2 protein chains.
Amino acid sequence: MSERPISSITRGGLRAACRAAAAALALAAAAQAAAPAAPQALTARQVLDASTASDWRPIDPQYTLYLDLPGGRVIIEMAPLFAPNHVANVTALAREAYFDGLAFMRSQDNYVVQWGDGEGKKPVRKAQRTLAAEFERPLRGLSITRLADPDSYAPVVGFVDGFPVAADPQTGRAWLVHCYGMLGAGRDNDVDSGGGTELYVVIGQAPRHLDRNVTLLGRVVRGMEMLSVLPRGHGDLGFYTAGETGLAVRSLRLAADLPAGERTALEELRTDTPTFAAYVEARRNRHEEWFKVPAGHIDVCNIPVPVRAVQR
Amino acid sequence: MSERPISSITRGGLRAACRAAAAALALAAAAQAAAPAAPQALTARQVLDASTASDWRPIDPQYTLYLDLPGGRVIIEMAPLFAPNHVANVTALAREAYFDGLAFMRSQDNYVVQWGDGEGKKPVRKAQRTLAAEFERPLRGLSITRLADPDSYAPVVGFVDGFPVAADPQTGRAWLVHCYGMLGAGRDNDVDSGGGTELYVVIGQAPRHLDRNVTLLGRVVRGMEMLSVLPRGHGDLGFYTAGETGLAVRSLRLAADLPAGERTALEELRTDTPTFAAYVEARRNRHEEWFKVPAGHIDVCNIPVPVRAVQR
């Protein structure tokens with residue numbers, strides 16, 4: 001995702017970044033020369049550098065959306081395990097070019113950006129305009145990599161295939177979590193009034209009160225920096241007003257529908273591996289030289305799952 | 001702050017917003033006509049609408065900074081209870097016009113924006129270039145409005161005079177929390193290498209791992225939407241690279257140093273009142289028609305303390 005694994009609030013950042021990199025290299029060299037460093041002493045960067053090919057999985061073009069904007073391409077991975085009908089419907093909308101030429105209608109600071117047809121007038125052909133909500137699903141059948149730290153909002157939090165997930169073993173239900181970069185289907189007051197003709201992405205502090213109130217169906221894996229800087233709307237809830245023009249959507253396409261040469265081959269760190277566990281631990285307690293007090297805790301929305309170009 | 005009290009992910013947002021407003025008005029009218037509505041049934045908007053003048057306190061111009069940018073004014077409230085030396089030093093820097101003509105050097109997505117003198121070469125006159133860190137302070141003497149919900153990072157979280165705070169009764173220490181919009185003093189690897197000549201503001205998911213690792217000294221109360229949209233830097237950690245020009249800082253001034261007519265008179269909701277408690281409860285469990293599942297929890301960083309123009 002967008003936050004770098006090594007994060008610091010540096011004075012004269014480049015100098016400090018170089019020192020940090022040098023320190024990391026020195027530490028890695030020392031580890032190789034002598035006994036292996038204890039896993040808990042690694043930084044997130046070191047964990048990733050030590051990962052092997054099997055720690056990564058390709059992102060499936062069948063479940064990847066390309067949101068092409070004037071400034072470049074935003075890449076979204078969809079979550080068919082959690083919102084199969086919404087994923088299928090947004091795929092159908094993409095195939096009939098529904099979003100092409102529409103625009104962003106909303107940018108609310110510390111909350112969401114949203115695009116689609118604000119008037120709800122653009123015809124839908126083979127896709128559906130509305131769908132039954134998919135706010136949650138059975139916990140059964142899911143393999144959740146659980147976080148050790150408690151969560152304020154849910155009994156269990158963790159990851160499934162790279163997606164942040166919450167669950168309640170008592171009710172036997174699980175749901176996607178509204179972390180930064182998550183993609184949802186806007187709806188009206190009726191629970192079943194969404195469907196994917198309006199889509200939003202979280203651009204601020206995780207609005208966890210939306211969990212189980214809206215259907216989440218994916219997450220942005222590339223290009224968040226194009227969405228998060230959209231000028232905020234001056235209307236209620238960050239909607240653009242008559243005098244404001246929202247950024248145009250050139251197209252929204254399924255990656256699998258493009259020729260292979262026009263795709264962006266990405267892979268993401270598997271979240272069911274010891275490497276991911278080490279990555280989480282490295283973010284729970286930072287070992288970069290800059291840090292003085294380890295947090296000893298981590299929020300599910302402070303663990304961006306790494307994504308990179310496929311390594312050949 | 002920037003998120004509106006009534007937040008929803010609406011399809012055709014204006015229609016829904018109008019319906020929600022009508023519903024709120026109808027509910028308020030019903031409450032006035034019959035028995036008062038139970039406090040837990042109120043929305044945040046209704047709580048604020050029912051507040052009285054004594055629920056609000058003016059923001060002190062002696063502890064208010066105006067960060068004037070080409071696009072307008074960002075207003076920051078400083079926290080002398082937590083970082084008295086940094087507050088005094090940034091005030092001194094403002095008085096010698098230290099920041100005028102400097103620029104933003106960093107914009108890291110989902111993390112921070114930062115401004116100052118990246119090279120550390122601009123002369124400092126009466127102010128100090130570096131200060132001893134003020135990461136935390138004694139819990140004694142603080143009156144914290146505690147949140148009922150547990151926090152993943154600290155034994156106690158709550159508010160003091162509008163600022164999000166964490167504390168550990170076992171160690172007797174308290175500290176400001178890295179929520180969206182908080183202002184901090186960048187530093188180098190040395191703990192005492194900060195001081196306020198480089199300042200940052202949080203623009204993403206609360207980076208709680210920074211708590212007690214950097215000196216926080218204030219929070220943005222107006223104008224976050226000018227900081228959060230700064231184009232992200234392409235260098236490491238979001239620093240701008242040679243080809244990128246960071247937004248210029250016109251000036252950073254103490255409000256009290258301006259003639260009264262050039263100030264922006266603001267007041268904020270007192271956080272030690274029953275009204276604030278009702279506001280928190282209204283955000284823990286949303287009663288707007290749009291919401292279907294109440295969260296039953298709230299994170300300390302999901303409670304933006306309301307700020308408004310002084311009501312005459």
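Me: Which rule decides that two strands pair, and how are strands picked out?

Reply: Two strands pair if DSSP finds at least two bridges between them. Strands (E, at least two residues) and helices (H or I, at least four) are DSSP runs, numbered from the N terminus. Here, β8 (residues 156-160) of chain B runs antiparallel to β9(B), and five bridges join them. This is a predicted model: local features need pLDDT of at least 70, side-chain atom pairs count only at pLDDT 80 or more, and totals for chains, interfaces and linings use all residues. Residues are numbered from 1 along each chain as its sequence is written, chains are lettered from A and ligands numbered from 1 in the order in which they are written, and side-chain values use heavy atoms, with hydrogens and water left out.

Me: Which residue stands opposite V165(B), and what lies between β8(B) and β9(B)?

Reply: V165(B) faces G158(B) across the pair.

Me: How many bridges join β9(B) to β10 of chain B?

Reply: Four, and these strands run antiparallel. Strand β10 covers residues 173-176. R173(B) in β10(B) stands opposite D168(B). This hairpin has four residues between the strands, and G172(B) takes a positive phi near 70 degrees.

Me: Which way do the side chains of a strand point?

Reply: In a regular strand they alternate between the two faces of the sheet. In β9(B), F163(B), V165(B) and A167(B) point one way, while P164(B), A166(B) and D168(B) point the other way.

Me: Is β9(B) enclosed or open?

Reply: Buried means under 20% relative accessible area, exposed over 50%, and partly exposed in between (1.4 Å probe, protein chains only). Six of the six residues of β9(B), 163-168, are buried, so the strand is largely enclosed by the rest of the structure.

Me: What makes a nonpolar core?

Reply: A set of buried Ala, Val, Leu, Ile, Met, Phe, Trp, Tyr and Cys residues, joined through side-chain atoms within 4.5 Å. The largest one here has 48 residues. L176(B), F276(B), Y279(B) and I303(B) touch the most other members. In chain B, α2 (44-49), β8, β9, β10 and α5 (274-284) each supply at least two residues of this core. The largest share, five residues, comes from α5(B). Apart from this core lies another, of 46 residues, including W56(A) and L142(A).

Me: How is the length of a helix checked?

Reply: The expected span is 1.5 Å times one less than the number of residues. Helix α3 of chain A has twelve residues, 84-95, and should span 16 Å; its end C-alpha atoms are 16 Å apart, so the two agree. After α3(A) comes A97(A), with a positive phi near 60 degrees.

Me: What does T91(A) touch?

Reply: Contact means heavy atoms within 4.5 Å. T91(A) sits in helix α3 of chain A. Its relative accessible area is 10%, so T91(A) is buried. Leaving out residues up to four places away in sequence, T91(A) touches M78(A) and L254(A). The buried residues of α3(A) pack against several strands of chain A, among them β2 (64-69) and β3 (72-78).

Me: Where is G204(A), and is it buried or exposed?

Reply: G204(A) lies in the loop between β12 and β13 of chain A. Its relative accessibility is 0%, so G204(A) counts as buried. Beyond its neighbours within four places in sequence, G204(A) is in contact with N110(A), Y111(A), Y180(A) and Q205(B).
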